[in-house]
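Hi everyone, thanks for coming.

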Amino acid sequence: MKNKDPEKLPAAKIKSSQKPASKTIQTTTIDLISGMETILDQNNTYIFIKDIAGRYIFVNRAVQALFNKPLEEIIGYDDSHFFDLGLSNELMLNDRQVMEHGETIEREEKNIVKSTGEERIYWTVKKPVRNDQGQIIGMCGISTDITDRKRAEIALCTLNKRLDFLLSSSPAIIYTSKVSPPYTPTFISDNLTKILGYSVEEFLNTPNFWVEHIHPQDRDRVLADFHYLFVNGKHIHEYRFQHQNGNWIWMRDELYTVTCPDGNNVELIGYFIEITDCKEKELALIESHHLLKTVIDTAPVRIFWKDRESRFLGCNRAFAHDAGETDPKNIIGKNDYQLNWKAQAERYCNDDQNVINTGISKLDYEEPQTTPDGKTIWLRTSKVPLRNVNNETIGVLGIYQDITKQKENDDYMMLAATIYGLSSEAIMVTDQNNQIMAINPAFTRITGYELTDVLGKDPNMFQSGQHNKSFYKKMWQKLLKEDHWQGEIWDRHKNGKIHAKWLNISVIRNADKSIYCYVAQFSDITEKKRQDELLYKQANYDQLTGLPNRNLFKDQLCREIKKSHRSGRALSLLFLDLDRFKDINDTLGHDKGDKLLKEVALRLLSCVRKTDTIARLGGDEFAIILPEVDNKTRIETIAKNIIHKLSTPFKLDKKHVGHYISTSIGIVVFPDDGTDMKSLMKHADQAMYAAKLAGRNRFNYFTRSMQQAAYEKMVLTQDLRQALSRNELHVYYQPILDLKHGLICKAEALLRWIHPERGMISPQTFIPLAEESGLIKPIGEMVFNKTIANIKQWQSQFGYLLQVSINMSSTQLSFLKKNQWSDYLTQQGLPGNCINVEITEGLLLKDTPVVKKRLLEFLSNGIEVSIDDFGTGFSSLSYIKKFDIDYLKIDKSFTKHLTDNGTDRALVDAIVVMAHKLDIKTIAEGVETETQRDLLIEMGCDYEQGFRSSPAVTAKELAQLLQKQQDQVGKAQDLFSWP
């Protein structure tokens with residue numbers, strides 16, 4: 001908004017200065033000042049108005065701040081109330097010059113001491129204020145703080161003091177000239193030389209001197225405008241004139257036509273004065289006004305004014321753009337309902353009316369606005385009453401700016417401050433010199449240091465001594481190169497303890513790429529390090545013995561293989577398995593077994609070097625890596641030493657009873673027996689297995705024949721997996737005869753594998769493979785299901801149940817679900833005693849929870865239980881009695897020598913007598929001759945099984961034997977008590 005000339009402001013009406021000063025000073029409304037009062041208060045320019053007596057009747061907020069007094073202590077007072085006597089007299093003298101003579105003081109420069117004690121220089125423009133009759137009723141002043149500029153000018157003036165003095169003492173060049181072109185000068189004052197550098201003679205005697213030195217761009221205009229002189233008798237023009245030094249300076253030339261003293265001739269008289277400075281300022285002011293208009297039209301601040309009906313009277317270009325118009329003129333006459341913000345129009349109009357009706361400004365309030373594309377922006381708005389010369393409110397003047405980004409930034413900064421304060425990670429900010437500026441609460445919680453402890457200090461105060469200078473040098477090199485570094489670092493807590501941190505450092509740079517600050521974030525990972533170390537130990541070390549486990553062993557073996565490959569040195573690997581360790585666990589308990597394993601680990605460590613690796617692979621299996629040991633004698637010495645030390649009795653309880661174990665060792669050598677971890681471990685395992693087969697308590701080297709045997713085992717296992725789907729597995733039945741009657745009363749289910757290429761494969765060959773591979777579960781289920789189907793078939797065919805014995809291993813028992821067999825028998829309508837489960841003595845002695853639970857479950861559901869191969873293992877009468885065993889099967893190794901070995905005959909007789917005393921029936925296996933049968937009958941044995949009566953036959957063949965038997969003796973059920 002352009003400033004109006006103060007001389008044209010409505011005059012203030014005040015009482016005559018002849019009347020008492022105590023009377024209230026009456027003033028008329030000052031247009032623009034009244035309407036723009038609030039806006040002027042936001043200006044940094046000092047604006048004031050005084051009455052004819054020099055008393056202030058208006059000041060803006062900047063003047064109030066300068067005086068540091070409330071408005072009521074300023075209005076009505078003159079300058080003597082605010083300044084010392086000398087300055088106030090000087091100011092009032094200038095004021096009287098303005099008000100008494102009507103002069104305008106373009107530049108009044110004064111040094112004023114502010115209320116803060118600071119001395120500033122102000123440039124004041126003072127102009128008279130007139131009423132409607134043209135009478136001077138006061139003055140208006142506008143001051144600008146020119147302290148900085150003035151100080152620069154003073155410095156310049158000091159250097160040019162003499163020139164400034166000459167210019168101030170001789171400002172004008174006086175001359176006369178002829179009235180006809182080329183207006184040859186007839187007189188010129190001596191200060192020409194001082195001002196323009198030319199001599200008087202040069203100026204007067206050189207033809208066309210004045211015309212030729214006018215700037216070519218101004219010359220035609222100057223000469224053409226001379227006709228005004230002859231019309232008006234006076235003419236003023238401005239032009240550029242060339243100084244003697246060649247510079248172009250602006251001159252103000254004022255001419256008059258005068259009659260010569262002789263009364264006949266007319267000549268021109270005038271003076272010209274340099275106005276370069278003023279002209280440049282004028283041009284600068286014009287440029288400034290143009291720039292100001294451009295700024296107003298392009299600035300994000302929107303300005304508008306409306307009438308009392310909220311119709312727009314005008315606006316700036318930015319407001320018009322927001323409203324959806326390209327030209328501010330298009331806004332005039334419209335209201336808010338016709339512009340882009342129709343949704344907010346009612347609220348805007350209500351605000352307008354509130355300001356108009358109350359006359360109270362509404363300043364700096366925030367409000368939302370919905371844009372045409374549906375977005376919400378935030379505005380900061382101010383509205384003030386718009387008044388006319390009669391102080392009547394004629395509308396509203398408003399200004400607003402879009403603060404959406406600022407509001408978002410404020411929200412972001414609030415969020416950032418909240419995060420900064422609540423972050424669980426410590427945050428530290430250092431300046432460009434790496435001096436600590438700020439920390440957050442988490443920093444204090446993690447390190448123990450308060451801000452007062454660290455402010456202005458270098459973070460190296462936290463160094464723990466765990467890192468060398470090279471570490472920090474590399475850290476700084478990477479940080480300054482990439483503006484970021486992260487890593488693990490150990491620092492010292494305030495309490496002196498060393499703790500681990502995961503540290504992230506970022507460099508924040510200024511626009512010119514210089515460093516503004518460093519931001520470090522870190523968290524305490526000490527506990528995590530401990531947990532990681534614990535997890536590492538748990539993942540890589542055996543918790544019982546403290547030795548490396550299988551995972552770490554494999555990693556170490558791979559490393560040693562690579563080292564041996566590079567060095568060309570051999571590498572030895574030993575696999576150890578403790579012989580009959582399960583017997584220790586089963587008889588003494590797992591706690592004693594664990595104690596033994598710990599002692600084994602200690603003994604093994606005593607047999608090797610510190611550079612060797614001993615690992616527990618699991619259970620009772622151990623492995624030893626011997627790097628750079630390729631001497632066979634050395635390897636065997638170590639192996640023999642291990643066997644010797646492990647054969648020494650172990651003291652596992654307070655009774656000081658020695659417990660013995662032995663070990664089987666498999667040995668491989670890199671690269672002869674394998675070039676990678678997998679092959680070396682596989683071959684060492686094969687060599688260890690061979691040592692066990694050879695009798696245990698020994699060591700074996702790997703041979704290629706072992707590899708062939710392992711291959712054969714693998715192929716046979718693969719074939720066994722397909723045997724079920726190919727129906728290659730068949731259930732055979734060997735009859736069991738009642739010795740008293742000689743009739744078939746039971747049978748044992750025996751599994752046979754008829755391989756398509758290899759023919760009949762012995763159960764001793766494939767049953768262990770089924771156990772190892774887990775195939776024993778589906779195979780066992782197949783045997784059970786086929787047996788039950790055959791039992792039902794025979795029951796239907798012959799009218800009675802034939803009890804069938806089914807062999808079970810511990811693995812099979814562990815696979816069974818609770819009451820799985822008894823529930824199935826119930827579904828098939830069969831009693832439990834149609835099945836007899838055969839187990840070995842070793843399985844009974846294990847007395848594991850699963851075995852115990854299943855055996856008791858069988859007995860409670862009527863399923864009978866037999867002990868197979870009785871007498872060949874660790875026979876225990878207590879276990880037999882504990883599980884209420886129904887049958888003992890006498891091993892064929894005893895039956896075979898009944899006729900020629902008195903000892904075996906006595907043992908069989910003792911077994912029969914003992915069993916009968918325990919109400920257990922006996923079955924003799926391997927009966928092949930009539931003599932054997934007769935001896936068994938004589939001893940009182942209950943049943944026989946063997947080739948004498950029949951080998952194992954198919955279900956169909958057994959049915960034929962039963963049919964033949966039935967045809968011979970009638971209905972067999974009459975001989976037995978079965979239902």
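Let's start with a question: in which loop does Ser 310 lie? Ser 310 lies between strand S11 (301–307) and strand S12 (312–315). Keep in mind that this is a predicted model.

Asn 391 is another non-glycine with a positive phi, about 65°. Asn 391 sits in the loop between strand S14 (376–387) and strand S15 (393–402), and with 38% relative accessibility it counts as partly exposed.

Most residues other than glycine have a negative phi, and most peptide bonds are trans. On to the peptide bonds, then. Pro 181 and Pro 182 are joined by a cis one, with omega about 0°; Pro 182 belongs to the loop between strand S6 (172–178) and strand S7 (185–188). Phe 670 and Pro 671 are also joined by a cis bond, omega about 5°, and Pro 671 is in the loop between strand S26 (662–670) and helix H23 (677–693).

Now the packing. The largest nonpolar core has 72 residues, and among those touching the most other members are Trp 794, Trp 821, Ile 835 and Phe 858. Helix H26 (residues 776–798) supplies the largest share of this core, 9 residues. Setting aside neighbours within four places in sequence, Trp 821 contacts residues including Phe 784, Met 808, Ile 835 and Phe 858. There is also a second, separate core of 32 residues, with Leu 596 and Phe 699 among them.

Happy to take questions!

Methods:
Residues are numbered from 1 along each chain as its sequence is written. This is a predicted model: local features need pLDDT of at least 70, side-chain atom pairs count only at pLDDT 80 or more; totals for chains, interfaces and linings use all residues. Side-chain values use heavy atoms; hydrogens and water are left out. A nonpolar core is a set of buried Ala, Val, Leu, Ile, Met, Phe, Trp, Tyr and Cys residues joined through side-chain atoms within 4.5 Å. Buried means under 20% relative accessible area, exposed over 50%, partly exposed in between (1.4 Å probe, protein chains only). Helices (H or I, at least four residues) and strands (E, at least two) are DSSP runs, numbered from the N terminus. Contact means heavy atoms within 4.5 Å.
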